Amino acid sequence: MSASTPPPFTAAIERLSVNRDTRQLLAACILVLVSGCLPEWLRDDYWTHSFQLVNLFIAVAVCQNLLMHDAGQSSFGQGAIFGVAAYGAAIATHSASLHYGVGVLIGVACALIAGFLYALPALRVQGYYLGFVTLSAATVFPEMLVALNQYTNGVNGISINFNRWHDRSLLGLSPITLLVTGLACASLAAHLLIRRTALGRRLHVAAISPEAAQSLGVSPGLMRFTAFLLVSIGTGLAGTLYAPVVGFISPVAFHLDTSVLFFLAVIVGGRGHIMGPVVGVWVLYLLPNILLAELNQYRLLAYGVAALVFMLAMPDGIIGTYERWRRKRHTSQPELRLGLDGLLDMARIHPRQTTGQRDNSWAVELKGGRKSYGAVSALDGVDFRVRRHQIHGLVGANGSGKTTLLNALSGFARLDAGSLQIAGTEVSRMAAHRIVGLGLGRTFQQPRVFAAMSLWENVQVGLDAHRVNAAGWTGATTASLKESLSGRSVELVPHGQRRLVELMRVVLTGADILLLDEPAAGLSPLEREQFKSLLIRLRDELGTTIVLVEHDLDLVWGIADTITVLETGKVVANGSKADIDSNPAVRRLFIQPGHA
């Protein structure tokens, strides 16, 4: 796949867009360092303490940002995890007389346990339903601290002497300032690093489209679970530093408004933006708690008013609104026209050796498949078999059951009855992401592309799949693709051509069996010819088995080895092109091949 070379000015803008996260990281770290160090250099104890807390809260808000945007999880209870870690470390130090370093480990372990408990409902519920579950935990947490007064000292709290942590030493800064400032910067850098890894891409794909994640062999539930545990580690580290900053902890410090602060800081600052949590915490914490200190008892009201004002004036948050304004200042970029040259070249470079024995085996074998939705039978006793290393066309009118059949084959729709084998393995009750492990790849009727990721990252999630190594793709063959696609926005790709992005992604997984749902819709005549050449090469040179659902019957008749015709959930014809053409039951369905 290739894209036309952009003009120098447009290319420069695209590079700036790619480096947006890096620029925000540098700006955020500078703000954190200056705000953390300058007050202490000026020996202003009030602002030193204030910005120690601010930078500590920034570290937690960064974790909240990763959880909300990159992992797509709504949690209103991060303040409870923050408090669990703080109390875990404090109790270990105060009651058990352990070294605070050991207390930190215990505090992080407590945060992980709390994160694990949060992650369990995330396997079942999503969105604001999950938010309500975590909100209830944050509401109950202070009451639990009071009830467990044997360990927490109840409303009296726990006081620990950390005076030595506040003595200025290295570079005129105290150890606690160095720790808190370093943690805030490290959390910002870690967020960007995770975002650029295979794990970060999988988290985001699972958040935006669980179906696309499963088609790449990724379990959305496992990604949600992993996200909560990752965020719990960062939040726990921040929580263990709360007692050294304040010198005292009590249930009052971890009321619901703490969790609300972390949540709204991400919204106000700009969800998904690296710098968003910094700006959000500054606005929501400094404004009501410092500039309006006499109204401190109305913090929740202040958070709500500030969040409402900013969300009405800046729906994308402060940083998001600024970035949108910045993009509008530049000349609009032309649409990208993508081709299939790169994939054609890769198919030529990496032939897969096939054997006659494999050619005679079944890649897909469905017997008596039934699937109903209420009183409607989407599949009614369907027998469907596809030989290895063939292109098998699947045609029929709208509502005939084609997409339902693909969903059943790929595990997205569980059969009510029937036996299904993929590559010789029974998969009738197997999860979709596990079926993918047998060498199955899938595209969708509505292409799954992700606007928050660059064009190359949209393709790269295919390379992240484990089957790639077995397929033999190398860095050298993907280097040209990366060069042409890196930094390009998916929003510049016409809607019809976005199918090519998804097609490239599934091909690069190295799947042996491809299920393609109307992949040629929206392509130009030239692109359709390229598409036909690609499928033929995938079959002949890579030995790929392809099930093609397509309304363009000329395309299907031009490349398919065998064809199955569906009507109202039943197979009305199956065989070679000659068999289908001579079948009277098919003639009344399609008067002319080419009009479906």
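Trainee: At what angle do helix α4 and helix α5 pack?
Mentor: Helix α4 (residues 78-94) and helix α5 (residues 100-122) pack at about 150°, and their axes lie 7 Å apart. Axes are lines fitted to C-alpha atoms, for helices over the stretch in contact, and angles run from 0 to 180 degrees between N-to-C directions. Helices (H or I, at least four residues) and strands (E, at least two) are DSSP runs numbered from the N terminus.

Trainee: Which residues of α4 and α5 make the contact?
Mentor: Among them are I81, V84 and G88 of α4 and G103, V104 and G107 of α5; contact means heavy atoms within 4.5 Å. The residues of this contact divide into 13 nonpolar, six polar and no charged. Here Ala, Val, Leu, Ile, Met, Phe, Trp, Tyr, Cys and Pro count as nonpolar, Asp, Glu, Lys and Arg as charged, and the others, Gly among them, as polar.

Trainee: Before we move on, what kind of model is this?
Mentor: The model is predicted: local features need pLDDT of at least 70, side-chain atom pairs count only at pLDDT 80 or more, and totals for chains, interfaces and linings use all residues. Residues are numbered from 1 along each chain as its sequence is written, and side-chain values use heavy atoms, with hydrogens and water left out.

Trainee: Now the sheet. In what order do the strands come?
Mentor: Six strands form an open sheet in the order β8-β9-β10-β5-β11-β12, with mixed pairing. Two strands pair if DSSP finds at least two bridges between them.

Trainee: Why is one side of β8 and of β12 left without a neighbour?
Mentor: β8 and β12 (570-575) stand at the edges with a single partner strand each, so one side of each has no neighbour in the sheet.

Trainee: And strand β9, how many of its residues are buried?
Mentor: Five of the five residues of β9 (residues 513-517) are buried, meaning under 20% relative accessible area (1.4 Å probe, protein chains only). I513, L515 and D517 lie on one side, and L514 and L516 on the other.

Trainee: What does β9 pair with?
Mentor: β9 pairs with strand β10 (residues 545-549) in the parallel sense over five bridges, and I513 stands opposite T545. Strand β8 (residues 440-442) also pairs with β9 in the parallel sense, over three bridges; there, R442 has L515 as its bridge partner.

Note on methods:
Buried means under 20% relative accessible area, exposed over 50%, partly exposed in between (1.4 Å probe, protein chains only).
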